[in-house]
Structures are given as structure tokens and as C-alpha cells.
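Take a look at the sequence and the model below. Then use this briefing to find your way around.

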Amino acid sequence: MGSLFRSEEMALCQLFLQSEAAYACVSELGELGLVQFRDLNPDVNAFQRKFVNEVRRCDEMERKLRYLEKEIKKDGIPMLDTGESPEAPQPREMIDLEATFEKLENELREVNQNAEALKRNFLELTELKHILRKTQVFFDEQEGGLNHTTESMTRALITDEVRTAGASMGPVQLGFVAGVILREKLPAFERMLWRACRGNVFLRQAMIESPLEDPTNGDQVYKSVFIIFFQGDQLKTRVKKICEGFRATLYPCPEAPADRREMAMGVMTRIEDLNTVLGQTQDHRHRVLVAAAKNLKNWFVKVRKIKAIYHTLNLFNLDVTQKCLIAECWVPLLDIETIQLALRRGTERSGSSVPPILNRMQTFENPPTYNRTNKFTKAFQALIDAYGVASYREMNPAPYTIITFPFLFAVMFGDLGHGAIMALFGLWMIRKEKGLAAQKTDNEIWNIFFAGRYIIFLMGAFSMYTGLIYNDIFSKSLNIFGSHWHLSYNKSTVWNNNFLQLSPATSDYEGTPYPFGLDPIWQVATSNKIVFQNAYKMKISIIFGVLHMIFGVIMSWHNHTYFRNRLSLIYEFIPQLVFLLVLFFYMVLLMFIKWNRYEATNAFPMTEACAPSILITFIDMVLFKESKPPGKDCHVYMFWGQSFFQTVFVLIALACIPVMLLGKPIKIMQARKLANVQPITGGSSDAEVGGMPNGGGGGHHDEEEMSEIFIHQGIHTIEYVLGSVSHTASYLRLWALSLAHAQLAEVLWTMVLSLGLNKEGWLGGIFLTVVFAFWAVLTVGILVLMEGLSAFLHTLRLHWVEFQSKFYMGQGYAFAPFSFDSIIENGSAAAGETE
């Protein structure tokens, strides 16, 4: 089989590059993305490697670019993204890039510092403006609008006790301070003043209606103006300390009204001048950022490519002459010529005359697993890799999962309407994938949906097919081919009787099957509809499950033959397949025989009443019992010789168990005695693990004692025998979730939408619109999203556990090539550090 069904054949190669050409050659390989380099300096500290200074320079350039990006995003300036990926710059261009970034950073920091200083000055002047206005209001209120002196105003503000105490000491002179404070701190500030000054201060405050901009972080804050009157230097010192503790800003406020007006006029003039300077500063900053935004994406790409190249060069070894770099790398065999062409291009770009050398090496290491994917198969391969990366050249389940996964999902989710919603959503993402892919987002849920757009589309399309088979669309049926039932019920019977059933034994049934899917008449069979669908869906679930497991066992045959595991082929594959066929595939055959032999209108004793239960027949077969017939004159068995065949099948199945349990360990033990070697190596308890075909090496395995081999084989046998029973039963989830989905859809129709359909008149139309909107939300939210997620997870389990456990080990490690595309997509050049 080709690489579609197995991972690519890999080769370990040694690469020799001239020092002058190494940078350009690695750059070409990064654009290609087909080479995985190994670290030849695992014991060398990262800070002691040859190109550590270049990596640090790239880190510094990235820091400056992130600073520019932060400032650009802060101003909401769109960054130009053409979608193109510029080539990695030559090493000499790093100096120009560093100079450009240094100039931009310094210029922007200087502009920001100037703007912050101007904003701080503007804030102070604005607060002073509000203080002068609000304090003028305070004084005017106290003096009744007359221009009295400060002394008379303070006499009006102090208490009678203060006047009496001060009468013997002459006139009382009150001092005051004015400032602004954050509005949320004002209540605590007032309480502290009262307690610390023992009520000997007088506080007036007024809110500043418009928010003020904090020059440090740009936040909008709300503040209040306050003025505090007190007597004496002691209280003045105490008040100022309290203001300092609450980070209140104090401003000078003249006592005379004329001085306050003169200061206010000066403040307004300075604010206008500051507004002009601030506008010019912001315009200059905006021009700088707009110019940087045009090239920022390309600069990021260039810097990350440079950094990734030097990270990769740090994995190389230097020869004794210091003129040649030596690397080891894993490459796909089919792409060796492409890689050699890329190396030649890199050599020509660098102007070197010494051609690079790529030698294939012999190794016993396990190569990495590389499965080629495209945008369609990538999502299905990701489902498989989430379980475990395939071992090297192991059968890849992904190509088969493309069909089996959406089909098993559709068996559980089968509804034409819900499947159409899902398929249309997937088709929309497929049609718009270029635009949607260009819109980078941090929303993980959306990223998951978009990555699985082809899976969603196929799941919806297959669900539409199974919905047609079930004849189910939003819990209703489509009457395409009429009906093969002719009932004698009148309209009142159908509308008023809650317990109607269909009996194929009567003349109501024509006796011929419906052309496609289920007859729509089953929608009115309220009594035996679920009974009929139970039997139908339960049996097809077992049929699909057994066929799926048999296919998985057959896949293991391809692994055994490819790796030349003769013992596994004889003592594992053959008894496993026979065990599954003689028990569970025979049970499937009984279902088809029952469908073919028994009908409701057949002559006795082949009527439906005499049809034996498949489950009881299978249990009696395993227990070597003879089941009692359902009726007095009914036959026990469905065909001649059934008892004999069932006995033989059970004996064969029992005989397969010791073969699986002891066959391979005994053969390994005999082989060791003949070779007189203690112990021999084996891969996964296998005595005959041949070298992997077409190169790559068979890998190194730990030596195993015979006791470990027997234990391992015993666990494997018990797991398979018991798992065959539990896995067969596990496929009944196809039946259970299908019935649950259909019943939920019927409940939504009956209890929600039908309420709106029963209303008449124009009020009924309005009510129906509201009910339909509610029904649509519940349908999409519960039946499509939640039920779809549930069916998806159950389908995933059926593939991981019931199907892949029959042949798939998943013990490999993924091929991680040095690729600029993946590095840029991840947004970090550190991804270039492959091992």
C-alpha cells in the first residue's frame, strides 16, 4: 500500500554544509518544511552555542516589534497583512533591521514621554481650573454674592464655640487648602479628617462632572474638588498629611476674588496652548505608527525566520577546520531530490562554490511518523493523532475514518432537518475558508469549529442521508412515495385516539416494502412506533458494530504481513478473526435469517409470534442450552442443523482462546531453545519482528523474559476476548442515541411549536412567530449543538476504543520538520527548536 494508508518512508541523513552557505541552505529548507533536524549538541548549554549572540539579537528585535505592535493596537490602527511571506533576510540585513527598529522605538518612546508630560500638565491645569471655579462658588454662596473680605467669610464659617474661645484672643484667622481627590475616596477622606482633626475643620466638596484622563495609563477617572478650612499651623500640617495619604492633589488658591479671576484667565490660556501642542504631538505619533503598521507583519516574519535559522544552526556540529557544519536529519524518501534542489539553490544564493553533501545513514532508531495531509484530510488525521501518533509505517486509520466517522455519527444523529443545518454551516465555512483563515482570532471554540469544517460538513451530509432512511425531519416524516398501508381509521379516530398501532398481520399492509427508508405512516402509530424502531435500530447497530470490528481485525493482518510478524499472523490474527466470525458475525447472520424467514402474514409456524429472540438464542448457544419455543407449536431453530452448527461454532471459539494465549509464547520459547540464546529480543513480545521494509530500521526493543511474554500475552488475550463482548454491546449506543435524538425532537415539536400552530387569526400569527423563534433557538442549541457534540464524542469513542484497539498501537512520535510556515503560524520562532 502507498503512503495514503501508511506513514511515509523516512531516512536518516547526514548533511555537510560550508559555513558561508549554511544560513542560505537552512533558509531554503525552512521554506520547504520537509526536514527534521536532530540536536548534535545535547550536552552543550544553550548560552554556549555558536550562534547564541545572533539569537539574542533576534530576541531584542522581537521585543521592539512587540512594543510597536502594542502601541499600534492601542491606537486602533489596522496592520497591513498581504498574506505573503517574505524570504528570510541575509545576515548582513540584520544590521539595517536593528537600526530601523532602534530608531522607531526611540522616536516613539520620546513622543510618548513628551505626550505623557503634556497630559500630566494638562491634567493639573484642568484640575486647577475646576478648583478656581468651584471655590468661587463656595465663597459666593457664603457671602451672598457680595465681595466681602476673607476674614468676614471665615467668621461666617466657624462655629459659635470657636468664636467664643477666640473672643478673648482677638480676631480669628482661618486658613484653607484646596485640591482634588478621586471620587470613590471622598467618604473615607472626610471621615479621616473629622477623626484626626476632632471636628475642628470645615470641608466643602463638589463633583467634577466630566471624567479626567489619567496620563499614566489613559484611564478615565472621576474626581471631586474640595476645600478645607482650619485654624492654626498644627491643623494645617495634619490636614496636608491626610491629603498626602489619600493621594489628593493640592493646588494654590488665592484668597482675593480678583486674584482668582486673574489666575483662571491665565490657566485657560495655558490650556489652549497645551491643547495645540498635544494635538501636534498626537498627529506626529499617529504618523509614525501608521508608517510602522504597513510593515510590521513582514518585519515579524523576517525576524522570526532569522531567529529560527540560527536556532537550527545551533543544532549543528562544527568540523575540526571550523569551515563546515555537520547536521543529521530525518527526511521523507520521496522528497530527497526536492531537498537536494533546495540545498543547491541555497548554495547558489550564498555564492559558495562548494556543493552541499546529503548522505543517507543506516540506523536502528525508530523514524518519526509522517502522514501527508491536505486541508481535507488534516482534521481526520488530527482525530487519530489525538489518540496516539501511529508507529512508523503502521496502518493509518485516517483514510477509513473519513467515511466511517461521519456515517456512525449520522446513525446516532439521523435527522434530515438537523443534518441540513449542520451541513450548511460546514459548507459556509468551506466556501469562506480563505477569508475566515485570514481573520486570526483567539476564540478557541471558533478555531476548533473552523479546523473541523470538513468533518462538520460530512457529518451533516451523512445525517441527511440517515434522516431520509429514518424518514425523520424535525420529528416529522416526508411523504414522497405515498404509503404502503391503507388504514380504515376515520379522521376522528386519528385525532382523538392516543393509542394507535400498525399491525402488518392485517390487510391494512400491502405486503411490499417501502421503496426507500421508513413508511411515513409510522408517525401516527403512537402505540408500537417505538417498539418497531427499537427492534430496527438495535439490530442495525449490532450489524454495523460487528462489521466495523471485523474490519479492524483485518487491518491488523496488513500490519503483521508488512512487518513480517509470522507468529502474530498465525497465533493472533487468525484466532482473533475466527473468534469474531463464529460468535458475533454468526449472530448478525441470524438477524438476516430471521428477517428473511419470519413475517407476520406467513403460514404458521413461521409467523411473527414464533420468531425466536436473537439475544436469547445467542445466550443459549454459548451456554449449550436449547431454548424453548415462543409458542406451543413453534419451531426451536430457524434453519436445519442450527443446533449442530452452534455447538461447533462455540467449540471453535473456545479453542481459539488457548491458541491466542499460549501459541506465540510457546513458539518463542522453542525458538530460544533451538538457538540456545537467553534471552532474544522481541518487539511487543514477538519473536519474529523483521527489519522494516524499505529502510528505516526496526528499532531497539528491551529484552524480555519468558515470564513477561506470558503475562503480556495473557493480558492481550483476556482483553480481546472480554472486549469482543463489551465492544459489541458498546455499539448499542448507536441505537440509544438515535432514539433519544428522535424523542427530543418530538418533544420540542409537541410541547413548543405545535402550540403556535394551533392558534388562529392575526394574534395566532404573532404568537407563532414568537414560538417559532423559541423553537428554533432550542433546536439549534440543544438538538444540533449539544446532541451533535454528544454524538461526536460517542463516535470518537467507538473509533478509538472499539475499532482502533484491534490493530492500532499508536506508539510513534510525530515528524516535526523545520518549517517557517508552522513557526509563523504559532507566532514564535522558538518552534524552530526541533529535536
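Arg247 has a relative accessible area of 70%, so it is exposed (exposed means over 50% relative accessible area, buried under 20%, and partly exposed in between, with a 1.4 Å probe and protein chains only). This is a predicted model: local features need pLDDT of at least 70, side-chain atom pairs count only at pLDDT 80 or more, and totals for chains, interfaces and linings use all residues. Residues are numbered from 1 along each chain as its sequence is written, and side-chain values use heavy atoms, with hydrogens and water left out.

**Loops**

- Arg247 sits in the loop between helix 7 (233-245) and strand 8 (249-251); helices (H or I, at least four residues) and strands (E, at least two) are DSSP runs, numbered from the N terminus.
- Arg247 is not a glycine, yet its phi is positive, about 55 degrees.
- Arg198 lies in the loop between helix 6 (186-196) and strand 4 (202-207).
- Arg198 also has a positive phi, near 55 degrees, and is not glycine.
- Arg198 counts as exposed, at 72% relative accessibility.

**Helix 9**

- Helix 9 (residues 296-313) has 18 residues.
- From first C-alpha to last, helix 9 reaches 26 Å, close to the expected 26 Å (1.5 Å times one less than the number of residues).
- Helix 9 is largely enclosed by the rest of the structure, because 15 of its 18 residues are buried.

**Strand pairing**

- Strand 1 (residues 10-18) pairs antiparallel with strand 10 (residues 324-332) over nine bridges; pairing takes at least two DSSP bridges between two strands.
- Met10 has Pro332 in strand 10 as its bridge partner.
- Strand 1 also runs antiparallel to strand 11 (residues 357-361), joined by five bridges.
- Opposite Gln14 stands Asn359 in strand 11.
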